[in-house]
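Then we can walk through it piece by piece.

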Amino acid sequence: MLFNSLIFILFISIVLLIYPRLRLRQQNLFLLAANYFFYGWWDWRFNILLFASTLVDFITGQKIHKSDTEKHKKRWLLVSIAFNLGLLCSFKYFNFFMDSTAALLQSFALEPHLPVLRIILPVGLSFYTFQSMGYIIDIYRGRLAPETNFVDYAVFVSFFPQLVAGPIERGGHLLPQIRSKRELTRGKMIAGLNLVLLGFFKKVAIADTLAPVVDNIFAMPDVMSSGQLWTGVYAFTFQIYGDFSGYTDIARGIALILGFELIENFNAPYLSRNITEFWRRWHISLSTWLRDYLYVALGGNRCGRERTYANLMITMFLGGLWHGAAWHYAIWGVLHGIYLAVHRMFLGGEKASLSWPRTIPGWAADTAKIIFTFHLVALTWILFRTDSVSNALVYMERLFLFQNMVDLQASVIFAACLLIALDGVQVWSGSHTWLTDRHGVKITRYAVAQLMFVCTLAAAIAHFNKITPFIYFQF
Amino acid sequence: MFGNSVWVKRLLLFAILTPLSLLGGELFTRILLPQNVDPKMNIFRADPVVGYIYEPYAEKREKGREYNVLYQINSIGLRDREYSGKEKGLVRFLLLGDSFSVSHGLAIEESLSRQLEGALQAIAGSDKIRAKIEVVNAAAGGYSPYNYWKAYRRWADVFNPDVVVVGLSPDDHDCDNEYLSYYIEEGETLAVYQDGKGSRKLWGNDLLRLRKWLSWNSELYILLRNFLYYNDIVGTVSLWLDTHQDIHYGQLEPYLVPQTEKMSKAWEKTFSYLRSLHDETAADGVVLVVLPIPLKLEISSQEFERELKAGGRTPEEMDIDQPLNGISAFCSAEAIAVLDPRPALRKRHAEMPCYFVYDGHWNAEGIRSVAAHLAEQWRNLGLPPWQNSSRQKQGRDAPTR
């Protein structure tokens, strides 16, 4: 069930009609039913997988907590991780490994006949397995007590606003909210609606409008001029941001209306002044997950300089593969690993925070840094968007010929400016719900909200017969 | 509610902000979701014989999403070049029709009259027929069969044609102009009225003016209007109207089997005008040829499916050949030649679009294909100048204004 579909509007209307009238336990039971209905709308069989994952991690969580010895704890941890990674490998990576092995064997003049699984990837599998693994590792590390109520835990794993594309929640953050009574206030409702409007604007008005431009250009990069290819780069850079951060905003908004606060996933990433800062602002729930459960587990920066760089590369390589079972994702991750290592090597990877420049030289320097970082990220997105490394190379090659730069589409720049302006206001106000917070002049906020509504409606009408799924659903 | 000042303030705020946000939405739509606004044909003037014609010497740039051409009207009110008297050896065609025949959205060099003239002249040359061929474009946007008949009467003495070609669209029934008079204000055709005066009622004339103005100027309005038209919402409403009120099938009505009573009457009327036209041309010794103009849905299966969806209809309820069969049967009975451009258009459209994407009229490629095919058919049928030209009336002076 897509957020940008009519069936979801019907679904959420029914949920919001019933949910506030129930008591806490009833609310959780009702939420659980809604979660499974929402997820089963794609394919009811997905629910079996979700339930199995929930059951296994619920039991192993208890077992780890009750284990007396470190050996036993580790054993149960491995059971859980093996199960979760087994799911991921079976559904997401099996064919990739088989294809890669076959290609390798073929390079030695062998003709392998390796098995291929004809299965579809369940939506959101990567998200909820990571969320479950995070929960288990936190229990193993003694940072979290296991949930004793199965319904509450099942709601935690399957919470429909963030089930299929995050944010990847932490047990320590969401579980206490599930256990305790929610306050459904008018303020939360308005702030939630604010986020939903913002999310739909980013998704429908910006990302879906840029989608056909991106599809056309990336479909035939070999016949496009450099101007068109640059258009494609910018369009995809803002399409993926609008799409994913739009989803997150809608998810956070709906959760807020239901009385939950989800963690932030984006914080004006394209205004980052360096690559380290970018990863603190982009897909925050995944990057912090990778940092806490993978990078730190590998040794982090505690084992010397070379090992730190290697850990960064391994983490980003796996982060790339998390996005999809294909080499271009892996290389995309490795490239980001290299950027992070280089930044750390030469600039010390200093903690950078975005503050408005007070002096002209500072302002100019920051602007240059932002533009540089933005282009570094944007150019690396080419690998992410193309379906193969060879196509990405063709794209890059033609991109830097700088032929017919007049083909650069002004409409894409306009869409980019809209998103950047929204991020600018967010940074200025320090709030994601600035439309309904007490920032600036009230009438301006009303005007912006109404304008966003009109634009979103116009775009929804224009895209009515071609609903575009969220990009991150495939991961 | 109005006793509460907070609500009054909110309403006031809403009233102020709504136009502003609509303006913003318009800007957003123009930049990111551009739409094809309706052509603004403000170059007409009333005419006592035809109803209306183009304003002599008028110039208007016709802008759309897919075209930007200059309409230049000649000294007598035709979208064509200037003509002089008819010389010896000249075979003159008079092209009558609506926006398809006038070649909406295309430069005059790409128009049907010019392309047909060129194609006929080329074939005549290859057949060593020493005749000069002229095709006069006497078509105008919005004309109906009534206007075709009257336009012949209007221009016959002016041009003294040898052949009259009538472009007949299946949707001509949409505007039967016999009993209507155009209300023309400052050169803009605003509406047609039964009484020809134009009422000033809010929900009549003014609303129509507003809608027309919006369709010329607002891409946001066009977006909404097209959405309502091309989606199931309208299809459902159309079905409801079908069963409860007046019949509304959009473009599908001429193809519906069995033919609706309204459509039967419309064809009856169309054929009565054609019969009148044929009587007059025959009396003048002029050859009449009918060119049935296929709508895009007759050529493109995708367009046909889209229309079916919009109209809430199934293919089984349709006969795509029904209009042509009706025209052929009538013309056969009246001994009028019929030229069918559909085979050539279907073949070409499969390789290259022959219609504008958003507009629905023929594009330059469509016109070229039609003209080449017609010229071939023309020769095969032995029409003038291939026919023994005993009926050709050469040498008469053709006055121009």
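This is a predicted model: local features need pLDDT of at least 70, side-chain atom pairs count only at pLDDT 80 or more; totals for chains, interfaces and linings use all residues.

## Chain A as a whole

If you draw a box along the principal axes, the C-alpha atoms of chain A fill roughly 70 × 65 × 45 Å.

## Two domains in one chain

Chain A is divided into two domains: domain 1 covers 6-182, while domain 2 is written in two stretches, 187-274 and 352-474. Taken over C-alpha atoms, the centres of these two domains in chain A are 29 Å apart. On the domain 1 side, 28 residues take part in the contact, and domain 2 brings 18 residues.

How much area do the two domains of chain A bury between them? The value is about 1,900 Å², with 75% of it on carbon and sulfur atoms. Three residues stand out on the domain 1 side: Pro161(A), Ala165(A) and Pro167(A) supply 26% of the area that domain 1 buries against domain 2, more than any other three residues. As for salt bridges between these domains of chain A, the count is zero.

Now zoom in on the face of domain 1 of chain A that touches domain 2. Helix H1 (6-18), helix H7 (160-163) and helix H8 (171-179) of chain A each supply at least two residues of it. The largest share of that face comes from H1(A), with five residues. Sorted by class, the domain 1 side has 21 nonpolar residues, five polar and two charged.

## Where chain A meets chain B

Next, the meeting of the two chains. Here 20 residues of chain A are in contact with 19 residues of chain B. The area buried between chain A and chain B is about 1,800 Å², and carbon and sulfur atoms give 81% of that. On the chain A side, Phe414(A), Gln450(A) and Ile461(A) supply 30% of the area buried against chain B, more than any other three residues.

What about the polar side of things? H18(A) gives the most, with eleven residues. By class, the side of chain A that touches chain B has 15 nonpolar residues, five polar ones and no charged ones.

## Salt bridges elsewhere

Which residue forms a salt bridge with Arg179(A)? The partner is Glu147(A), and the closest N and O atoms of the pair are 2.5 Å apart. This pair links distant parts of the chain, 32 residues apart: Arg179(A) is in helix H8 of chain A, while Glu147(A) is in the loop between helix H5 (125-140) and helix H6 (150-158). Over all chains, a search of the whole structure finds 33 salt bridges.

Most residues other than glycine have a negative phi, and most peptide bonds are trans. With that in mind, check out His283(A): it is not a glycine, yet it has a positive phi of about 40 degrees. You'll find His283(A) in the loop between helix H11 (275-281) and helix H12 (284-295) of chain A.

Over in chain B, the peptide bond from Val257(B) to Pro258(B) is cis, with omega near -10 degrees. Pro258(B) has its place in the loop between helix H7 (232-244) and helix H8 (261-284) of chain B.

Note on methods: Residues are numbered from 1 along each chain as its sequence is written. Chains are lettered from A and ligands numbered from 1 in the order in which they are written. Side-chain values use heavy atoms; hydrogens and water are left out. Contact means heavy atoms within 4.5 Å. Buried area is the accessible area (1.4 Å probe) that two parts lose on being put together, summed over both. Helices (H or I, at least four residues) and strands (E, at least two) are DSSP runs, numbered from the N terminus. Ala, Val, Leu, Ile, Met, Phe, Trp, Tyr, Cys and Pro count as nonpolar, Asp, Glu, Lys and Arg as charged, and the others, Gly among them, as polar. Domain bounds come from an automatic or database domain assignment. A salt bridge is a side-chain nitrogen of Lys or Arg within 4 Å of a carboxyl oxygen of Asp or Glu.
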